[in-house]
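Dear colleague,

I am passing the structure below on to you. Some notes on what was found follow it.

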Amino acid sequence: MSVENLLVEMLASVPHWLAVMVIGAIPISELRGAIPVAMGVYGMRPVEAYFLSVIGNLIPVIPLLLFLEPVSNYLRRYRIFDIFFTWLFSRTRRNHNDNFEKYGLLALTIFVAVPLPVTGAWTGCAAAFVFGVKFRHSFPAIAAGVMIAGIIVTAVTMTGMGLLELIFGA
């Protein structure tokens, strides 16, 4: 059973619009799973699927951007977490700092916009945190990336559904 099928089954008792937003908010699926479910399972129009998925995907961004730093600072009181965060920050900045300095917030937007595994709003929030990007800069960049990803996923879903209808007459 796929993740999307499992989520649809778990959310069977909630209204479809809310289920789409929840699926969009979950880090495993984000809007990459919410849009196909909204259109394919719930029969929503593309515009409705897009907006509900984007809103759902953006809901966790604000608390993530606001609370990742305080939570990590709290955890750094413990040696094991301090070692982990020191390793994570130094490794990430060493390997990716040149690209980030060169492309800045555009890199963050593109990173979130590319609808591939291990990209998206949740990972974009983590990247903004690691690179020390302030909320007022990171939120618009991540929101733009989410909206672009939503357009891409909606277009791909519409194309896939159109092809299935053409081939199978469904």
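Phe135 lies in helix 9; helices (H or I, at least four residues) and strands (E, at least two) are DSSP runs numbered from the N terminus. The model is predicted, so to speak of local features pLDDT of at least 70 is needed, side-chain atom pairs count only at pLDDT 80 or more, and totals for chains, interfaces and linings use all residues. Residues are numbered from 1 along each chain as its sequence is written, and side-chain values use heavy atoms, without hydrogens and water.

The chain has nine helices and zero strands. Its C-alpha atoms fill a box of roughly 60 × 35 × 30 Å along the principal axes.

Helix 4 (residues 46-58) packs against helix 9 (residues 135-168) at an angle of about 145°, with the axes 10 Å apart. Axes here are lines fitted to C-alpha atoms over the stretch in contact, and angles run from 0 to 180 degrees between N-to-C directions.

Regards
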